[in-house]
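Please read the points below alongside the coordinates. They begin with the ligand site and then turn to the core and to one strand residue.

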Amino acid sequence: MKTSSILNTIGNTPLVALKNSSTGNANLFAKLEMFNPTYSIKDRIVSYLIDEAEKQGLLIPGMTLIEATSGNTGAALAMIGAQKKYPVILTTPAKTSPEKIILMKAYGADVRISPASTTKNDSNHYVTAAKTLHQSLPHSFLLDQYNNPANIAAHYRFTGPEIWEQMHGKIDYLIACGSSGGTITGVGRFLKERNPHIKIIMPDPIGSVYYDYFKTGKIHDNHIKPYKLEGAGKDSICQCMDFSIIDDIIQITDENAYHAMTQLVTQEGIFAGGSSGAAFYAACTLANILKKPANIVIIFPDSGLKYLSSLKQ
Ligand SMILES: Cc1ncc(COP(=O)(O)O)c(C=O)c1O
């Protein structure tokens with residue numbers, strides 16, 4: 001591929017058969033989003049959100065881009081913002097890996113880290129901090145990935161159709177983690193419109209709000225707890241998460257995710273991040289209980305290189 005800009009290399013990521021992990025009835029396939037230029041799925045949404053905001057005249061030259069991020073959207077925004085000459089300010093929780101923080105800064109962003117003790121109702125929670133910053137900076141634009149419908153649209157228009165074509169429509173299950181919900185809602189909606197029999201499964205870390213809400217329709221504040229896994233789950237419900245698309249949510253622990261992440265390296269030669277490990281763990285759990293042959297597509301949102309310092313040597 002020869003192209004005039006790094007931005008043209010976003011999307012069209014490979015889908016790889018996980019030959020050594022496909023057992024019995026289950027054929028596993030992984031969509032490798034680490035092949036995007038900032039090594040995660042978030043390049044897709046940031047590129048789309050900025051293009052749409054520019055087209056609608058909401059984003060104009062000279063504005064500062066602001067966003068709350070667990071690190072991947074931040075890296076994408078820092079890179080794309082720099083290419084398009086917008087200054088970028090990012091807020092992120094304390095648990096964000098050093099690698100992701102270094103990457104956001106390397107692309108030129110101003111990164112503000114919320115204290116570790118912050119909970120969802122505090123004014124310095126990273127999501128609230130981004131909103132406050134946006135309100136105080138008149139010439140700024142907040143992407144608002146957690147509630148912006150363009151996040152879902154990016155996956156509905158691009159990620160979903162790519163998967164459908166790469167699998168020639170032969171898909172029985174889609175497994176993806178959810179934070180903003182953009183990926184699972186956009187891809188899931190597209191696939192279900194093509195074939196309503198496709199089941200959409202979301203792994204959710206213990207401590208996240210989504211499992212309880214999906215199962216009971218209620219938020220149990222006493223179940224919301226810190227966990228280490230980055231980019232999966234949330235401490236409040238995001239508007240981009242459409243639960244009507246989801247068929248089941250499987251709870252996972254940090255250990256499940258990190259163990260599966262290292263298993264992927266040795267078994268399949270794929271060094272993906274912790275949320276990919278969580279999704280792979282959920283796929284293996286499903287594979288063990290399948291009664292008939294099925295194709296399971298798993299989304300691997302980012303690269304394991306973003307979490308090197310948290311891995312045991
Ligand atoms: C590593 C990782 N995995 C999964 C997700 C979930 O994607 P979404 O926000 O589309 O639900 C994110 C989002 O930040 C992420 O950074």
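1. In this predicted model, the shell around the ligand takes residues from both domain 1 (6-40 + 152-310) and domain 2 (42-142), so the ligand lies between them. The domain bounds themselves come from an automatic or database domain assignment.

2. The ligand is surrounded by 18 residues, of which the closest are S180, T183, G231, S275 and P301. By class, the shell around the ligand divides into 12 polar, 4 nonpolar and 2 charged residues.

3. Among the secondary-structure elements, α2 (72-83) and α6 (182-194) each supply at least two residues of this shell, and α6 gives the most, with 3 residues.

4. The largest nonpolar core has 87 residues, and those with the most contacts inside it are L174, I175, A278, A279 and I298. This core draws at least three residues from each of domain 1 (6-40 + 152-310) and domain 2 (42-142). L174, if residues up to four places away in sequence are not counted, touches V187, G188, L191, I198, I200 and V297.

5. A294 belongs to strand β10 (residues 294-300). Because 18 other C-beta atoms lie within 10 Å, A294 is classed as partly exposed, the threshold for a buried residue being 20 or more. Leaving aside neighbours within four places in sequence, A294 is in contact with N25, A26, D172 and Y173. By contrast, H125 is 169 residues from A294 along the chain, and the C-alpha atoms of H125 and A294 are separated by 42 Å.

How values were computed. Residues numbered from 1 in each chain as written. Predicted model: local features only at pLDDT ≥ 70, side-chain atom pairs only at ≥ 80, totals over all residues. Helix = DSSP H or I, 4+ residues; strand = E, 2+ residues; numbered from the N terminus. Buried ≥ 20, exposed ≤ 12 C-beta atoms within 10 Å, placed from the backbone. Contact = placed C-beta atoms within 7 Å. Core = buried A, V, L, I, M, F, W, Y, C linked by C-beta atoms within 7 Å. Near = placed C-beta within 6 Å. Nonpolar A, V, L, I, M, F, W, Y, C, P; charged D, E, K, R; others polar.
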